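Hello,

Here is the structure I promised to pass on. Please open it first, then read my notes beside it.

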Amino acid sequence: MRTKIEARELTKSFESDKGRLQVVEKVSFSVREGEFVALVGPSGCGKTTLMNLIAGFIRSDSGTVLIDSMPHSKPDSRGILISQQGSVFPWLTVRENLMFGLNAHPPAEHADIADRYADIVGLKGFEDSFPHELSGGMLKRVELARALVVKPDILYMDEPFSALDALMSLRMRNELLRILAKERHTVLLITHDVEEAIHLADRILVLSSRPTRIQATFEVPFSHPRKLTSAAPQELRMSILRELGVEQD
Amino acid sequence: MVARPSVHDASLVPFPSLTRRTMQHLKASLPSIAVIAVLIAAWWAAVIAVHSLIFPTPWAVITGTWELIYNGTLWQHITASLTRVAIGFGLAVCVAVPLGLWMGWVRGAYTTLNPIFQILRPISPIAWIPIAILWFGIGNVSPVYLIFISSVFPMVVQTTVGVHTIEKRYLRAAENFGVSRRILFTRVVIPAVLPQIVVGMRIGLGVAWLVVVAAEMIALHSGLGYMIMDSRNAGNRYDLVVAGMIIIGLIGLSLDGLMRLLEGNRWVRWRYAH
């Protein structure tokens, strides 16, 4: 398979009151087309900075990001970011939100396309609702649908479900897998939830604490649907937690 | 199952939710109605107790108001004041909203113009009266200018603040979808700022109404401010002075109510949800 994303020696530091703060240090990895890669690391390690570098929202001090072997420095609709806080426009209805990024199609088709994607994520009947009329889980569906509707090659997901309760988070994970089985996207997921990473990803990169580097890589060889309670995933979970410095008996 | 009669039964009460809400409203406003009643009673008692020949009783104010309604002058004055406010305030909205958006969006415009506005803003509109008379003479232009100058600054400031407080995540999402500048403005920036613009308009209209009355007191031959001064000058008609004051208060209240209706608009309501 082709390489979709390639990060080469990415380095980033920020100026702060206490001087220069090194956040990302020489991070290199690549993601194949259609692959689901999870980045797992302790909180505050620079995961979000790394994601913003790759998506093009901030510039690195040194190193390059290649998307389809081409240098990438600005965000565009080939890679859509879904963040923890969400960015569904509260002043637009669900349909208007989904239509927001549709420039490539003739305007007459926008509403139909939007409604089709609302249906895919299970929001049929809520097309004319405003975000403040929806629950947290439904808002995530809007966000996901708004990203999918522009048919991005890559989904950048920064702790997308961590603001949801455990049950809704699990439901959204299953929903995401169901959609990804139909529309093959390349996904880069940031999470601090090891179980979530094992549930979703093909490969897990464990990040070190700040300045972040790639500390270890784990393949997740289990086929979907995954049964997380069985022995092999549990063993993998232990290994990853050990790598993160959390010892369990 | 036994059918139980309900108070919400449509056959018993034609508009159950409506009547219930009206009753709740009435209940909530009872204390303030009581306070107004007590104040009017105290006013009446005080006028009688001091045997004032000039200060009117509430009844004299009512008969005075009736006189103004009957001879038609009240409508003329109200129309004159409202027209001046409409023109001055309308011009201020047309200038303040684009200017505020520009200052909010373009850093250079903000750093250049904001200090000037911060100096001009605290100057009382009353202090502008001599200059207004010097520039525009005694006529309709002076009060319109005063209304403009007094309501434009709060609206510019609110609009600018509105742009500055757009949450970064929304701008970032717009950037991510790679939309054109036009879409960015019409679908993100302006809708995001609209609630703040409405707040600015509410403040601006309140100030405009304060100022029109003050401006009309100085000069001119029409308007509620003029009516008040004229009633005093032409024979100490304090019943008409007080009537004018109460009418100004009531119209100000309705204007504010009108602006609050705007806050319930679908383009603004999202801001007040949750």
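**Two loop residues with positive phi**

A:D68 sits in the loop of chain A that runs between β4 (62-67) and β5 (70-71). Keep in mind that this is a predicted model. The phi angle of A:D68 is near 50°. That is a positive value, and the residue is not a glycine. How exposed is A:D68? It has 14 other C-beta atoms within 10 Å, so it counts as partly exposed.

Now look at A:S69. This residue also belongs to the loop between β4 and β5 of chain A. Its phi is positive too, at about 65°, although A:S69 is not a glycine. A:S69 counts as exposed because it has 9 C-beta neighbours inside 10 Å.

**Domains of chain A**

The contact between them uses 13 residues from domain 1 of chain A and ten residues from domain 2 of chain A. Which element gives the largest share of the domain 1 side? Helix α5 (residues 166-182) of chain A does, with five residues. By type, the domain 1 side that touches domain 2 has nine nonpolar residues, one polar and three charged.

**Strands and the sheet**

A reminder before the strands. Strands of a sheet pair through backbone hydrogen bonds, and the pairing is either parallel or antiparallel.

Strand β1 (residues 3-16) and strand β2 (residues 19-32) of chain A pair in the antiparallel sense, over ten bridges. A hairpin of two residues joins β1(A) to β2(A). To see one bridge, find A:I5: its partner in β2(A) is A:V31.

Next comes an open sheet of six strands in chain A. The order is β6-β7-β8-β3-β9-β10, and the pairing is mixed. Which strands are at the edges? They are β6 (79-83) and β10 (214-219) of chain A, and each pairs on one side only. From one strand to the next, the twist averages 15°.

Strand β3 (residues 36-40) and strand β8 (residues 186-191) of chain A run in the parallel sense, with five bridges. In β8(A), A:L188 is the bridge partner of A:V37.

Then go to the loop between β9 (203-207) and β10 of chain A, where you will find A:P211. Is the peptide bond from A:R210 to A:P211 cis or trans? This bond is cis, with omega near -10°.

**A covered helix**

Helix α1 (residues 47-55) of chain A is mostly covered. Eight of its nine residues are buried. Among them are A:L50, A:M51, A:L53 and A:I54, and A:K47 is on the list as well. Just after α1(A), A:G56 takes a positive phi of about 95°.

**The nonpolar core**

The largest nonpolar core has 122 residues. Those with the most contacts inside it are A:A145, A:Y156, A:L189 and A:I204. Which helix gives the most to this core? Helix α8 (residues 181-218) of chain B does, with 17 residues. Chain A takes part through both domains: domain 1 (3-78 + 152-243) and domain 2 (89-151) each give at least three residues.

Zoom in on A:I204. Leaving aside its neighbours within four places in sequence, A:I204 is in contact with A:A38, A:V40, A:A197, A:F218, A:V220 and A:I240.

**Chain A meets chain B**

How many residues of chain A are in contact with chain B? There are 18, and they touch 17 residues of chain B. The chain A side of this contact has ten nonpolar residues, seven polar and one charged.

**One residue in chain B**

Finish with B:V97, in helix α3 (residues 73-105) of chain B. Is B:V97 buried or exposed? B:V97 has 21 C-beta neighbours inside 10 Å, so it counts as buried. Beyond its neighbours within four places in sequence, B:V97 is in contact with B:M155, B:T159 and B:I197. Now compare B:R20. B:V97 and B:R20 are 77 residues apart along the chain, and their C-alpha atoms are separated by 40 Å.

Best wishes

Notes:
Residues numbered from 1 in each chain as written. Chains lettered and ligands numbered in written order. Predicted model: local features only at pLDDT ≥ 70, side-chain atom pairs only at ≥ 80, totals over all residues. Contact = placed C-beta atoms within 7 Å. Helix = DSSP H or I, 4+ residues; strand = E, 2+ residues; numbered from the N terminus. Nonpolar A, V, L, I, M, F, W, Y, C, P; charged D, E, K, R; others polar. Pairing = 2+ DSSP bridges. Axes fitted to C-alpha atoms, helices over the stretch in contact; angles between N-to-C directions. Buried ≥ 20, exposed ≤ 12 C-beta atoms within 10 Å, placed from the backbone. Core = buried A, V, L, I, M, F, W, Y, C linked by C-beta atoms within 7 Å. Domains from an automatic or database assignment.
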